[in-house]
Structures are given as C-alpha cells and as structure tokens.
Amino acid sequence: MKYTLLIDCDDKKGLVYKISKVLYENDFNIETQQEFVDKENNKFFFRAVIAGEVDKEKLKEQILKEVPCANIRIFKKRKKRLFLMATKEAHALGDILIKQYSGDLDVEIIGVIANRENLRDLVEKFDIPFYYIPAEGKSRVEHENEMLEIIKPTNPDFIILAKFMRILTPNFVEEFPNKIINIHHSFLPAFIGANPYKQAYDRGVKIIGATAHFVNNNLDDGPIIEQDVIRVDHEMSWEEMRLQGRDIEKIVLSRAIKLAIEDRIFVYANKTIIL
C-alpha cells in the first residue's frame, strides 16, 4: 500500500535523518522524497511517497517523538473525489469532464451543481449527477445552504469552481478549508466585472493569463496554486483574446487539480509550497 507523508515544522538540523530513521525502523520504503526550507521564516517542508502497512496514528506518534510540534498529514493513495460547481460557461467544466473520462485526470467526479441549467446536457452525457439550484429570489446564505445540503453528505476531497460566477460567503468557505479551488483570469483586480477581455483589449494588454487558487474569505486573494500567461498583440480582437484566455484557464485549472489530488500542496502564510 502507498501513502503520501507531508510534514512541516520549524527548521533545524537533522530533520531528514530523524524522519527517515522512523520510516526505516517501521519497514517503509521511500519511493520519492522532496524537501524545502523557507530560510526567511525558518520553516521546513517534507513530502515523501512511502510503501508499506501504515498505522497512521502510530506513525504520527513516532515522528512527533523525533520532531516535536510537527504538522503531519498522511494520505492513503486513492482516487480523489471532486464536486464541481459551475454557472453557464462550459470550457473549464467540459475540460475536467473530458480529462476524467479519458483517464488523464484520475479522479471521481461525484456531482456538478450549477445556478443555471444550460450545462445539464453536457454533464449528463458523462453519466454524472447534475443539480440545478437557482439563486433567484434567495439570499446568498439561503442559496448556499441548499447547495450544502447536496454537497456535504458526499464528503468531497475538493470542490472545483469551474467558472462558478457567484461569491461564496464565509459560512460556505469554512465548511471546506483549503479544499475549494477557483480559476480566474489574471486581469483581476485591474479588470473587474462584465467582459474583462473587452476591458483588457481596450487597454492594449500584452499578456493574458489565469490563476488557480484556494478560496478564502477575501475575494480572489486565497493561496495561489498555479498560474500561467500567454502573449497577445494588437492584431487580436477581444473575442480572440477571450478564446486564448479560456484555453489558458483550462490548462491552469487542470494543473492545479493535479497538484491537489497528488497531495503536493502545503498552505502556509496565505501562499502555497508545492513539492
């Protein structure tokens, strides 16, 4: 059986030796291992994929004897469960559905929830449950409570906002700390509101891009997981920019999901460490 072991703590000499010693004494084989030290904040980050029979609580206890105050997470290697949220744009949602169907994204999609109904046919082509929860005539909290009634019992590993175009309240976010992944164009906050690509075109931007991040209670200010950009020029219309932008959004969101499901992300001081 394979597990991913994540450890972060204050840095000091001998940490790799002490952790490896515990793993050796428990007859684990280390298949891959990465470390990083944030020297400015004196923080140590460690990730290893180990093979063997793991008693999680016993292993944590033994590591804590060697490395007191360490934050330890142990994940059994398995297919992660995703719940997707969308509104009306199909590109990000469709890309995830296709990648999961083809096996390029090794996840289980347990449902899609949306505040518009136009994506139902797309989702149901993949035999995935689609839940239409309209927001009209409801407060944000009322709307979110209806969604939570559906999502929470499924116990997802991650919730993916595949261009879900509503701001989530703290009540919703606190239910899934560092488990909600959002994608947006990198124009924020310079180009906010309707049609950011038209706004960017009017300003003559030279690059466009996308950012995937965990959601917290500050709008689009959560820990960044993945980013990328492409160059554009004056010969492109804003519609062409939008097409290019949607492509880069799909790529960045897919990369971020892959990092998350492989248990490679540490969240620290409103940023991420990727190992």
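Two strands are said to pair if DSSP finds at least two bridges between them. The model discussed here is predicted.

**The four-stranded sheet**

By that rule, four strands make up an open sheet in the order E2-E3-E1-E4, and their pairing is antiparallel. Strand E2 (29-38) and strand E4 (71-76) are the edge strands, each pairing on one side only. On average, neighbouring strands of this sheet are turned by 10 degrees against each other, direction ignored.

Within the sheet, strand E1 (residues 2-10) pairs with strand E3 (residues 43-51) over nine bridges in the antiparallel sense. Helix H2 (residues 56-66) lies across E1, E3 and E4, and runs at about 150 degrees to E4.

A record also covers this part of the chain. The unreviewed UniProt entry carries the annotation "domain: ACT" for residues 4-77. The span of residues 4-77 is 30% helix and 43% strand, and its end C-alpha atoms lie 7 Å apart.

**The seven-stranded sheet**

Another open sheet has seven strands in the order E7-E6-E5-E8-E9-E10-E11, and its pairing is mixed. Strand E7 (130-132) and strand E11 (224-231) stand at the edges with a single partner strand each, so one side of each has no neighbour in the sheet. Neighbouring strands here are turned by 20 degrees against each other on average, direction ignored.

Strand E6 (residues 107-114) and E7 run parallel and are joined by three bridges. Val112 has Phe130 of E7 as its bridge partner. Helix H8 packs on this sheet and touches strand E5 (80-86), E6, strand E8 (158-161), strand E9 (180-185), strand E10 (207-214) and E11. The direction of H8 makes about 150 degrees with that of E11.

| Helix pair | Axes come within | Crossing angle |
|---|---|---|
| H7 (residues 196-203) and H8 (residues 238-261) | 9 Å | roughly 120 degrees |
| H3 (residues 91-102) and H8 | 9 Å | roughly 50 degrees |

H7 and H8 cross at roughly 120 degrees. Angles of 65 to 115 degrees count as roughly perpendicular and those over 145 as roughly antiparallel, so H7 is oblique to H8. The crossing of H7 and H8 is right-handed. On the H7 side, Tyr197, Lys198 and Tyr201 make the contact, and on the H8 side Trp238, Met241, Arg242, Gly245, Arg246 and Glu249 do. By class, the residues of this contact are four nonpolar, one polar and four charged.

H3 and H8 cross at roughly 50 degrees. Because angles under 35 degrees count as roughly parallel and 65 to 115 as roughly perpendicular, H3 is oblique to H8. H3 passes H8 in a right-handed crossing. His91, Ala92, Asp95, Ile96 and Lys99 of H3 meet Arg246, Glu249, Lys250, Leu253, Ser254 and Ile257 of H8. The contact of H3 with H8 has four nonpolar, two polar and five charged residues.

Notes
Residues are numbered from 1 along each chain as its sequence is written. This is a predicted model: local features need pLDDT of at least 70, side-chain atom pairs count only at pLDDT 80 or more; totals for chains, interfaces and linings use all residues. Side-chain values use heavy atoms; hydrogens and water are left out. Helices (H or I, at least four residues) and strands (E, at least two) are DSSP runs, numbered from the N terminus. Axes are lines fitted to C-alpha atoms, for helices over the stretch in contact, and angles run from 0 to 180 degrees between N-to-C directions. Contact means heavy atoms within 4.5 Å. UniProt positions are given in the numbering used here, feature names are shortened, and annotations may be inferred rather than shown by experiment. A crossing is left-handed if the near helix is turned anticlockwise from the far one by less than a right angle, and right-handed if clockwise. Ala, Val, Leu, Ile, Met, Phe, Trp, Tyr, Cys and Pro count as nonpolar, Asp, Glu, Lys and Arg as charged, and the others, Gly among them, as polar.
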